[in-house]
Amino acid sequence: MTHYFAERPEAAQRPGTVDLVLPDLHLRLETDSGVFSPTRIDPGTRVLLETVPPPPQEGDLLDLGCGYGPIALAMATRAPRATVWAVDVNRRALELCARNAQRAGLDKVRSVHVDEVPPEVRFAAIWSNPPIRIGKQALHALLSTWLGRLAPGGEAHLVVQRHLGSDSLHRWLDGQGFATTRVTSRSAYRVLRVAART
Ligand SMILES: C[S@@+](CC[C@H](N)C(=O)[O-])C[C@H]1O[C@@H](n2cnc3c(N)ncnc32)[C@H](O)[C@@H]1O
């Protein structure tokens with residue numbers, strides 16, 4: 001049994017679709033076994049997409065841990081002129097995200113492995129339902145790396161379940177010099193807004 005965050009999932013393929021329906025968009029997304037939340041839009045992802053402010057309309061945006069792409073594609077729909085980097089380690093997820101973007105006509109989505117983002121790119125915004133289950137140390141390293149690539153004045157929005165440690169993550173981010181505010185608290189989920197280091 002492999003995790004949804006394995007680089008090459010071993011689970012037999014079981015293709016399906018899910019509908020992402022929000023007040024401003026309706027997308028049908030291909031999914032598969034071996035990727036995160038393959039049978040429904042994750043409730044945390046939905047909370048994020050229902051509460052986050054509109055993204056910057058220009059520049060480079062990031063969905064950190066894109067899975068099959070609901071966050072990246074919502075970003076791209078809301079900011080059609082921006083370049084949206086959809087990054088993951090799971091190759092099956094990346095292929096699905098690329099196909100979903102293509103089918104939706106969102107040609108500014110770059111669905112790439114984490115190692116393939118050019119090092120000079122800085123992000124005007126980051127949206128993420130981060131992979132909490134990789135463990136605290138790995139998560140901290142991941143967030144330090146990518147939040148450190150926010151452009152000056154840029155902001156990230158992260159959705160985290162309360163019982164998976166949203167409050168301690170909030171404190172840790174503040175302690176690292178990323179000013180963090182809890183902007184949404186809905187059922188089990190918290191959305192944290194994280195400012196670029198000044
Ligand atoms: C909670 S899921 C969110 C997936 C998708 N954004 C969604 O909302 O359905 C977190 C994602 O992070 C990915 N991930 C795990 N480790 C990662 C890493 N080191 N860098 C980037 N993404 C990673 C997982 O493969 C998974 O797709």
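Predicted model: local features only at pLDDT ≥ 70, side-chain atom pairs only at ≥ 80, totals over all residues.
Residues are numbered from 1 along each chain as its sequence is written. Local features need pLDDT of at least 70, side-chain atom pairs count only at pLDDT 80 or more, and totals for chains, interfaces and linings use all residues.

Visitor: How many helices and strands does the protein have?
Guide: Helices (H or I, at least four residues) and strands (E, at least two) are DSSP runs, numbered from the N terminus. Their order along the sequence is β-β-α-β-α-β-α-β-β-α-β-α-β-β. The count is 5 helices and 9 strands.

Visitor: What is the radius of gyration of the protein?
Guide: The radius is taken over C-alpha atoms, and the globule rule is 2.2 Å times the number of residues to the power 0.38. For 198 residues, a compact globule would come near 16 Å. The protein agrees with that, at 15 Å.

Visitor: Is serine 37 buried, partly exposed or exposed, and why?
Guide: Serine 37 sits in the loop between β2 (25-31) and α1 (43-51). A residue is buried with 20 or more other C-beta atoms within 10 Å of its own, exposed with 12 or fewer, and partly exposed in between; C-beta atoms are placed from the backbone. Serine 37 has 17 such neighbours inside 10 Å, so it counts as partly exposed.

Visitor: What is the phi of serine 187?
Guide: Most residues other than glycine have a negative phi. Serine 187 lies in the loop between β8 (180-186) and β9 (189-195). Serine 187 is not a glycine, yet its phi is positive, about 40°.
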